[in-house]
4 protein chains.
Amino acid sequence: MDRTSYIEMQIAIFNAVRKKSVEICAPLEPEDYVLQPMVDVSPPKWHLAHSTWFFENFILKNHLNNYKEFHPVYGFLFNSYYESIGKRTFRQERGHLSRPTVNEVLAYRNYVDENMRQLISEKGDNPEVISLLELGLQHEQQHQELLYTDIKFSLSLNPLDIKIADISEYVSSDNSKSWIEMPEGIYDIGFEGKGFCFDNELGRHSVFLNSYKISTGLITNNEWLQFINSRGYSNSLLWHSEGWSWLNENHIESPMFWEKNSAGNWVYYTLDGRKEVNLSAPVSHISYFEAAAFAEWAGKRLPTEAEWESASEKFNWGQRWEWTNSAYLPYPGYKKAEGAIGEYNGKFMINQMVLRGASVATPENHSRKTYRNFFSASARWQFSGLRLAG
Amino acid sequence: MDRTSYIEMQIAIFNAVRKKSVEICAPLEPEDYVLQPMVDVSPPKWHLAHSTWFFENFILKNHLNNYKEFHPVYGFLFNSYYESIGKRTFRQERGHLSRPTVNEVLAYRNYVDENMRQLISEKGDNPEVISLLELGLQHEQQHQELLYTDIKFSLSLNPLDIKIADISEYVSSDNSKSWIEMPEGIYDIGFEGKGFCFDNELGRHSVFLNSYKISTGLITNNEWLQFINSRGYSNSLLWHSEGWSWLNENHIESPMFWEKNSAGNWVYYTLDGRKEVNLSAPVSHISYFEAAAFAEWAGKRLPTEAEWESASEKFNWGQRWEWTNSAYLPYPGYKKAEGAIGEYNGKFMINQMVLRGASVATPENHSRKTYRNFFSASARWQFSGLRLAG
Amino acid sequence: MDRTSYIEMQIAIFNAVRKKSVEICAPLEPEDYVLQPMVDVSPPKWHLAHSTWFFENFILKNHLNNYKEFHPVYGFLFNSYYESIGKRTFRQERGHLSRPTVNEVLAYRNYVDENMRQLISEKGDNPEVISLLELGLQHEQQHQELLYTDIKFSLSLNPLDIKIADISEYVSSDNSKSWIEMPEGIYDIGFEGKGFCFDNELGRHSVFLNSYKISTGLITNNEWLQFINSRGYSNSLLWHSEGWSWLNENHIESPMFWEKNSAGNWVYYTLDGRKEVNLSAPVSHISYFEAAAFAEWAGKRLPTEAEWESASEKFNWGQRWEWTNSAYLPYPGYKKAEGAIGEYNGKFMINQMVLRGASVATPENHSRKTYRNFFSASARWQFSGLRLAG
Amino acid sequence: MDRTSYIEMQIAIFNAVRKKSVEICAPLEPEDYVLQPMVDVSPPKWHLAHSTWFFENFILKNHLNNYKEFHPVYGFLFNSYYESIGKRTFRQERGHLSRPTVNEVLAYRNYVDENMRQLISEKGDNPEVISLLELGLQHEQQHQELLYTDIKFSLSLNPLDIKIADISEYVSSDNSKSWIEMPEGIYDIGFEGKGFCFDNELGRHSVFLNSYKISTGLITNNEWLQFINSRGYSNSLLWHSEGWSWLNENHIESPMFWEKNSAGNWVYYTLDGRKEVNLSAPVSHISYFEAAAFAEWAGKRLPTEAEWESASEKFNWGQRWEWTNSAYLPYPGYKKAEGAIGEYNGKFMINQMVLRGASVATPENHSRKTYRNFFSASARWQFSGLRLAG
């Protein structure tokens, strides 16, 4: 490909990814953009601005000559966990900021996008710029998924039945399941080859696995209902000690978003409004604690991430993030990047469990078999489910 | 006045009061209407809807034939402290509701207003309707003041310097002060005569007062600065035990909204943006704890509400709510109204201190010398100041 | 009385009061002396040491020549709320201190007592010493009552049925009740005459009271059971808003210490072990919130402290502290003493309600009709009951 | 060995282990036995009773004919995390129970010991009894270490300088350190052979390790001081995100128990009283967060537990528990025992990090190279240190 075509392609990709974020938010009212009903959730307005700030701060300021910052305070307002860059906004107070307004945030996006296109035109073949551009777009895609999950959580609290989007989250998959038998041996794990990956996937390395079996399919709502009806949420022997405390303190009796309607049927909130639970759809919005208790109840276990990855070409995945029994820890030889960009992943490698796969909210082509998603054991506002191993 | 003129007058008053609430919010962006950064504060959208719900629930439903509720869920969403009417929205979660939108709330207001005008036309000379109408409008005015103070608090947290309105909150008063000497004797306290009052002002009764003196003027920012500079915030002997704990836990070192700018000067946030502290303006946004500590430091004391009321025609008041040293308790013979409307005042008569007067945010003619405002001893987001007695 | 007899009498009184504190604790095991299961409660060991420290710090150090402090760290450990004297022990951490041991505290008591007797012999006719001595003994008596109530609370949490003392707390009183009619007029309130009183009783002053009636008797457990059975704890209209929140957060459904046994009968923990509730005994261990809700349910009200005091010679009192509807505020002309001793009362005059009378745990002759006891509206571990007014 | 000798040996071992727990507590005063100043800590009295209850509940009740429970309430009071056995005492309320007294607990111990000896005499060659006996003694030994660490924490809060025992916790080790080079390859991990191990060590299995190096020695206080003096506690880039929040919320600036004395020197509390920090002793009482930050600062990393175990015969260990970078997760094929005894380990396998080695407080012969200790990442009241890898 010649330089011009390459640059044009880069700009086209950039435009497409950036546009998607705004499109996700299009059905929202301005009032919706401010909501932060729990600390894990960020307001949609913040996501749109923060992903923009990433380009401004890590790329434009360092690589575009004479770049003029859009607003002197935004760097403070839209920084996230990068605590080494100045004083941060406290995460739990993002929902206290009504300004800049949605329109001002969109103007910020346009300004940064214009400058990014200028930079790509000028330096779109500079390897460092290309690398940061790709990281910025992957980062934007991560926030696109969070836009869906955060909006879903925020609007679910409203007794008015708000419908935003139909992303097929409640659609059935093929429910037939069988066991894949995997032999004992040495497997190679981690990213290899061309294309983008995050630093936490690097350090392709060997692991020794005992023989194991892993299911071809996800656990469904129907199977989950059997767990509920067998009093799985009331049997402490199935649960981790910390999970049992969590369950009791939070009065957990079903996956997040489930409730019984006046007719006694289970309904759940979806981005397309409240619906009766589809029994043949994969279960979603469960915590690691719940996934592990279910596996215990079923007399099986969760796969490790190495088991999952080693078998991943033998089953379909992508409808739900799948809890594994692996803690999120560095691969052998893991190295953080220098400086602030190095805070991207390594600093979260404690008290998080790995999820593998992808969900209906994950942008197309964003995930891959080596992708390591991670959340705390109690998180359940993501589209999270499980696959059994044994 | 004939019936027609009387009805027209009632409608005109109704229209004027209702219009004022919307006007106060006019400079806001839709995103601003959702904010609830602390539990004492309600979102502007909620105030507009709740004051409307009051008319719908207590008047239209009972008195307008064939009145059709605007929306079946609003009664649940916009109820406030009236816990005897159904299941309430938890107060701290008002800021989690982006819907109904501002426009939907305005439509609700228009619908209820139209029906109220219809009702007034039909029954505007019915004493019970008139009485409830007056209560509804006074209630609306109370929320107009809260709109100002809640908006001020919410926007003050934003590092962007947001300007909404100039209500002269930082303007100097006449600072000359002298002492009024009041003789020992029996004074009559509480509301008397025609016109509206709240039930907590009723039960006009005699009190015996020792001789006392009370100042003609409010304490100014300049005097407060002397208190700060004399280390008044660091001397535990000046403070109530609970006030001292409150001060230390919340790192209180000045009135709310004060901060030192980079040049070392005191500035404060006002509805007209951040400004240097006007030394000759009355001090504002102080808690009862601070007012009492200042009085102790000055070798004086706060007046009781009976002292304030007995002397109130001898001094000017109205620029700031004034903390008294009286707890908010029932007057002799106090009776709550029957049913839900009876919850208006009586249920708050514990752990609250009385403030007398009015503030720059109080609607004209809303207050009077017998008016009993009340807040908890730590509240400081109101326009609250003090006058000394001895 | 000659000086020698007077001194001997002072020493005899001193000995008697000091001995009583140790006698109250005599049935305790060493392990019991450390308990502090909630912040309002202090360990028995702390009470014994703190009341001793009061004599050492306020009297011996200032008045006994060459007095040598018993231990350099005790001043820090056994100071209470006197925050102006050095750095205090955090109140909630008193139960974390196992040392000094009980025996060491008793040695501290003996040492201070010996020195106090020496001081009284030398200066027992010095008015300042006499005045401080009297204050110290009254202070000790206040802690004697707290010893009973704190021990009761601490041991009540133990499933083993611990019996410490029989102080007749569950004994019936005469239950016949009638109304005393009191005429409108000016009454004089506050302490007058010789003998000891606390500074908060001073400033005898006139109050104007409307005519009122007040009951000759206390509300009994039987009457309280009717309140429970009429679902008084479930009817929000009876409760203050803050009381209703308190009740729901703490799952309050009966007076403190009450529980239903396996046979469905109400039993309560007493210092003499668990017993069936005596229906004809006065109700005890209720909060102000509960007392006020009961009065509302009964169609009556609580008396003000002025009403109580004005009628107090017309009824019997002393079996229970009685909640009034008066906030704990200074009397006209109230002045705090200079320095640390001035912190005794004034600093608590916010968010507390006054109780009048005395209880079965109050040392004989400690209370009087002008005595102003006070606790927060939610406190219920004291022997607190109520008498109605109307 | 003949049966008689074998039984005698079993009884001798039983007596020795049981005696040690009481000996550890011998220097305590009765008041010390009640302390529980934080939820992780249990009162010494509770440890003595709980380890006794383990024998009574899991062995005597099931295996000794006609065994009569010592006290019907003790099963409730001294159960710990075994939530499947009846209603448990809330862990944070253990310090609220002064009864049974120390003497009563010792009587409970004697009674159970007598019965255990009887049981061993009768069935000391029954494999199930032997297996449970061994588990009970290992469990007792775990609580012996906790007795030391819990007592240390509790007494450290007292400003009086309490000395209980000299267990050489502050003694220097050999400080010379070198690197052991370990080649890439397959290593076998987990317990093998005769003798006791916990179920979490079972499932000996192969792991593939990249080549690595591991230090022969522990990090010393001197090295830690360099970390402090290089502002390691202030550099967010060295810390996990959760560690950085923990550090700021808890104002962590040094290992637990360290403070600067008036001369500006670092001192620390030991079971033998406060002492100047011994610079050549291994650092102790650090959290995983601190260990990981130190490793980052040093340009190295913590070993994984597989790396530690594989190299463990090439270095000395036993002076401090050593944080690894491994989360506490099940080994391949891990199976919980049936019933309540199965709750011993598996239920804690979330959000805990593994420590390897042993400490000065670990009973002799209690640990081994496959032993998996575990604590949460913020725990620091254990004798925890670190060894670097790279």
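Modeller: Helices here are DSSP runs of H or I with at least four residues, and strands are runs of E with at least two. Keep in mind that this is a predicted model.

Biologist: Thanks! By that rule, how many helices and strands are there in chain A?

Modeller: Chain A has 9 helices and 11 strands.

Biologist: What makes a residue count as buried, and what share of chain A does?

Modeller: Buried means under 20% relative accessible area, and 61% of the 390 residues of chain A count as such. The accessible surface of chain A is about 15,300 Å², with 48% of that belonging to carbon and sulfur atoms.

Biologist: Nice. Among contacts between residues at least 6 apart in sequence, what share joins residues at least 24 apart?

Modeller: In chain A, that share is 77%, where a contact means heavy atoms within 4.5 Å.

Biologist: Now to chains B and C. What relation do they have, and why?

Modeller: Two copies of a chain are related by a rotation about an axis and a shift along it. Here a rotation of 180° with 0.0 Å of shift superposes chain B on chain C, at an RMSD of 0.0 Å. That is therefore the relation of a two-fold axis. The same surface serves both copies, as 100% of the contact residues of chain B recur in chain C.

Notes. Residues are numbered from 1 along each chain as its sequence is written. Chains are lettered from A and ligands numbered from 1 in the order in which they are written. This is a predicted model: local features need pLDDT of at least 70, side-chain atom pairs count only at pLDDT 80 or more; totals for chains, interfaces and linings use all residues. Side-chain values use heavy atoms; hydrogens and water are left out. Buried means under 20% relative accessible area, exposed over 50%, partly exposed in between (1.4 Å probe, protein chains only). Accessible areas come from the Shrake-Rupley method with a 1.4 Å probe; for residues, only the protein chains shown count as cover. Copies are superposed by least squares on the C-alpha atoms of residues with pLDDT of at least 70 in both.
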